[in-house]
Structures are given as structure tokens and as C-alpha cells.
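Colleague: I would like to go through this model with you, one question at a time. Please show it first.

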Number of protein chains: 2
Amino acid sequence: MSFLDRVAACNRHDLSRFRPFRVDGEQIGWVRPGLVAHMVGLPGVFEADGEGVRLAPGLRSFSERSAAMSEAIDALVAAGEIPPRRDEPYGVTTAWSRPALFAIDRCAAASFGVLAFGLHVNGYVARPDGLHLWIGTRAADRQVAPGKLDNIVAGGQPHGLTLQENLVKECAEEADIDRERALTARPAGALSYTLEVDRGLKRDVLFVYDLALPPDFVPRNTDGEIERFDLWPIEAVAARVRDTDDFKFNVGPVIIDFLIRHGLLTPDEPDYLEIVQGLRQ
Amino acid sequence: MSFLDRVAACNRHDLSRFRPFRVDGEQIGWVRPGLVAHMVGLPGVFEADGEGVRLAPGLRSFSERSAAMSEAIDALVAAGEIPPRRDEPYGVTTAWSRPALFAIDRCAAASFGVLAFGLHVNGYVARPDGLHLWIGTRAADRQVAPGKLDNIVAGGQPHGLTLQENLVKECAEEADIDRERALTARPAGALSYTLEVDRGLKRDVLFVYDLALPPDFVPRNTDGEIERFDLWPIEAVAARVRDTDDFKFNVGPVIIDFLIRHGLLTPDEPDYLEIVQGLRQ
């Protein structure tokens, strides 16, 4: 295994296995043909649109669209076509810089193949003996990636919160980091990937933050997502990312980006440019 | 003007105005149709290849190919089809991670539309009153971007040097930075862009370094490329990049990447994601 393998593992997909999902003439998602068939069976919400599906053009406003999508999601969850609700609203848009066209429950993001935004925080300690990174071990009872290694803080971006509000919220929930300290986290870029999964397509964009922590700070999880936190020397983190799949699939790339930005993964790595490019697809 | 405009300005091109240049069945460049016509008039070096042109398949080794290309470049320079020699050999490859198939003089890189590699150094001073960046003003007699603002050190990557050797060489020539100090520069990623110019297509990949400098260090140019150096507060650099085209076209993106990595350009910028993505095309 290699760093590039980790990046490639987030970008496996074949768009020929999906059909476009359009709103107002713009493509907003990618949907499996089986789900398209179920969607067009929900008249008033969806309509066939060439080889794909579109939101019924009569639904015009954010609230009309969101209400109709919510009913559709209930029907599709009941039919076992999409996974159960997670009660976290995601805004759906063609680009972060544009307003959301409607909101859906997070459970349906990959099924509809829409862009999903999130944030990851690298919590690091600059010790005299070198850079250390706080690594979480996800609880064994999690639906997503149980037992896998994780960043100190990471979370999806709910509709209606600013990034900074979400940063403060996730820092509190996941690591008991207070507001004042959370706001010292430094935005450092963004990663993106497109990953085909059974139920659909994960088109994720992750805003990345670096948070410098004092040597005496110890994170404490408050929402049950993380079972334990450990402070690792950065070399050990790098080796574990490179050589194993012990990290949650999208945490490896966040750490690889950290290594690159901090000059710890250098152009001596033969795949350097492919990795840099692969982190933003 | 905006930061995104600076990034977009490096990526203007229309590939329909170029024809493929292939070596051994692999596309290695993009050439204007007018130059293709001249190239196929040099038998033994080039051959027509569908709608494009290919290196004569009889030329097998690095040295055979480089010698033939050198003769061809002489003929094309003499015909006024490509600009004069710069006496700096560039390795030509389909990817940084693969060995060069041949070398050409730098003068012909854009005309043949091949990948060209280089390095840029952000020379910064972490002062108590904030981050400062050393900015060079290019000499008025330069062929390339006379009078424009520049990074403290930047240069093309010649064939036969490692990146690190080139970093040391360019630091010495452009800013009188000694070897020991140059080797403290921290690699921090890479940018890429594709820019159509009159003579062809610039497909550049820039390795980016951050070099922390002590407050009492003053750069001194030794090769005539830079007329003067000034230490600017980072906010002044950012505003000048955003609001003017006073910086050499590819220096703006290097500085924008620096601002992003150092948390000085944040997701509050509406075009944040488009900028992050646009820096690696």
C-alpha cells in the first residue's frame, strides 16, 4: 500500500452506472437506475428526464422543494431504497458558493449523488521531540466506520449553520474543545473526492482545519462517537496511513494533505504530484 | 478583480486550437496546426499522425531523440517558428514520476505544449507585527514579465538536476541565499495550470516551498533577474494580488496558495473552493 493508494481509494467510481438528477435544468446529482425507477414512481415530486430524472418543475421554492423531497425520502426509506434518516439536514447545491436549492436528510445524500460538505480538524501538538497528532478511535457501535481511526474532530456540514458555527459545535461534541480554543483552528484548504458506494455516489468536499493544541490539553469525547484519543508522533501516523486501512477511508487523505502542507511528505515521494492532484478531484 | 480571476487567468485555453504531439503512441504535447505543418516538413524527426504529429518511431533512445529534437529546434528557430534558445535543457515526460523521453531547450516547451516543471519559494518573515513576504521586482530588461512583481526565488526545473539541487542553485542566483539556509525551505505542495499563449500552450507544474527567514536577512539578487526586493506585510501582498495584475501571471496563484495554507484566505471568501480547485488543474 502507498499514500497514493489511499487517495485513489476515495476516488473509485464509474459514472456510467448512474443517471443524472436535474433541478431546473441543472444537474445536481447522480442516481442509480434502480432508484430512478422508484423516484419516477413518486409523481408530483420527480419526473423522467431523458435518461435521468428531474425534480418536478412545479416545485419552485426552497421550502416547497424541501417538503416534497422529505416526503419522497420517507417513502424511499420505507421501501428500503435508502438508509434510515439521520435527522441532520444537508443543503443541496451545485456549488458551495451558490445558495441551496433545497434541503434533504443526510441519509439520502449519497443515494441522490449530491455534493456533501464537511469539515475535518487536524489537532496537533508541536512538541520539542516533534509534531504529534491526536488520533481518535471510533466507537465499536458506530454505523459508520466502527473501530476505525479518525481525526480529533470531523463532521458533516448541516444546512443552516455557518462553517465556523459547525466547527465550534463539532469541537465541543467530539473532543470537548471549548469555543475559544475551537476558533483558533486555522482553515488550511479543502479536499474533494467522488466515491461509488453500494447505495450511490459520495461526492464529498471537506474543509480542512489545523488546530494547534498545548501539550497539557487532552480531548474528551462527549457524543459517543469516539471511544478513545491517543497522541501519536506524526511519523507513526504517516506509516499507519500508508501501510494499513485502519483509518476511516476519508481521514487518510486529510492526514496526507497535512503531511504535504507541513513539509513532512516531500517531492522525494515518487507519486507526489499525483497525490497533490488526487486530493482535489 | 478577485483572487479567482488570478487563478482563472492562468487557465485560459482552448484545446481545439491544438493538435496532439505523440511519442511512442503516448501524447506528450499539444501543437498549433501551423507548427505541425512545419514539423512534418522535417522528415526523419517528425511524421504526420492522424490529425497530429509524432516523433519518428525510428528514434528510440533518450540521446537519439534529444539530438534529433535539437536539430529540429534549430531549424524551427531559424524559420522564426519558435523563440530563440535559452540554453536550459528541460526533460520531456508524460508525468513527473516517469523518466524523461528526451530533453529540449526551454525555448520550445510552450511551442510543443509539453509539461514544464518549476519551483517557487515564498520567503516570509514571521514578525511580531504579523507575517511579511519578500517580494522581488523583476528587472526592466527581462524578456519575461519585465517590471512585474515576483516571489523571492523562482525558476524552471532543468533536466539533470534534482529539485533540491535546483532549489539551492536558484536560491543562490536569485536572492544570495546560501545552501544551508536554502535547505530549510519547506516543500508545501504543487500547483498546475494550462495557459494558451501566442506560440502554444504552457502546461506548467510548480513545486511550492515556504522559506522562513530571520528579520535581519536581506535578499540580494546576483543574476540580474530582480531589480529590487522589498519586505511587504502579507495583507498588502494579498490586496495587490487581488486588485492588480502587477505580479507575474503565475506568482499570484503561488501567493494565493500560501494565503490559503496559512489560514489568511479563509472559507469566508465566496470563491474559496473554486480557488482551491483552480490551483491544481
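Colleague: In what order do the four strands of the open sheet in chain B run?

Modeller: This is a predicted model, in which local features need pLDDT of at least 70 and side-chain atom pairs count only at pLDDT 80 or more, while totals for chains, interfaces and linings use all residues. Residues are numbered from 1 along each chain as its sequence is written, chains are lettered from A and ligands numbered from 1 in the order written, and side-chain values use heavy atoms, without hydrogens and water. Strands are DSSP runs of E, at least two residues, and helices are runs of H or I, at least four residues, both numbered from the N terminus; two strands pair if DSSP finds at least two bridges between them. The pairing in this sheet of chain B is mixed, and the order is 2-1-4-3.

Colleague: Which strands are at the edges of that sheet in chain B?

Modeller: An edge strand here pairs on one side only. That applies to strand 2 (26-31) and strand 3 (46-49) of chain B.

Colleague: Which residue of strand 4 of chain B stands opposite B:Glu47?

Modeller: Strand 3 and strand 4 (residues 52-55) of chain B pair in the antiparallel sense, over four bridges. In strand 4 of chain B, the residue opposite B:Glu47 is B:Arg54.

Colleague: What area is buried between chain A and chain B?

Modeller: The size of an interface is often given as the accessible area lost when the parts come together. Buried area is that loss, taken with a 1.4 Å probe and summed over both parts. Carbon and sulfur atoms give 61% of the area between chain A and chain B, which is about 2,200 Å².

Colleague: How many salt bridges does the rule find across the interface of chain A and chain B?

Modeller: A salt bridge needs a side-chain nitrogen of Lys or Arg within 4 Å of a carboxyl oxygen of Asp or Glu. Across the interface of chain A and chain B, the number found by this rule is zero.

Colleague: Where is A:Ala145 found?

Modeller: Most residues other than glycine have a negative phi. A:Ala145 is not a glycine, yet its phi is positive, near 50 degrees. Its place is the loop between strand 8 (130-138) and strand 9 (149-150) of chain A.

Technical notes
Buried area is the accessible area (1.4 Å probe) that two parts lose on being put together, summed over both.
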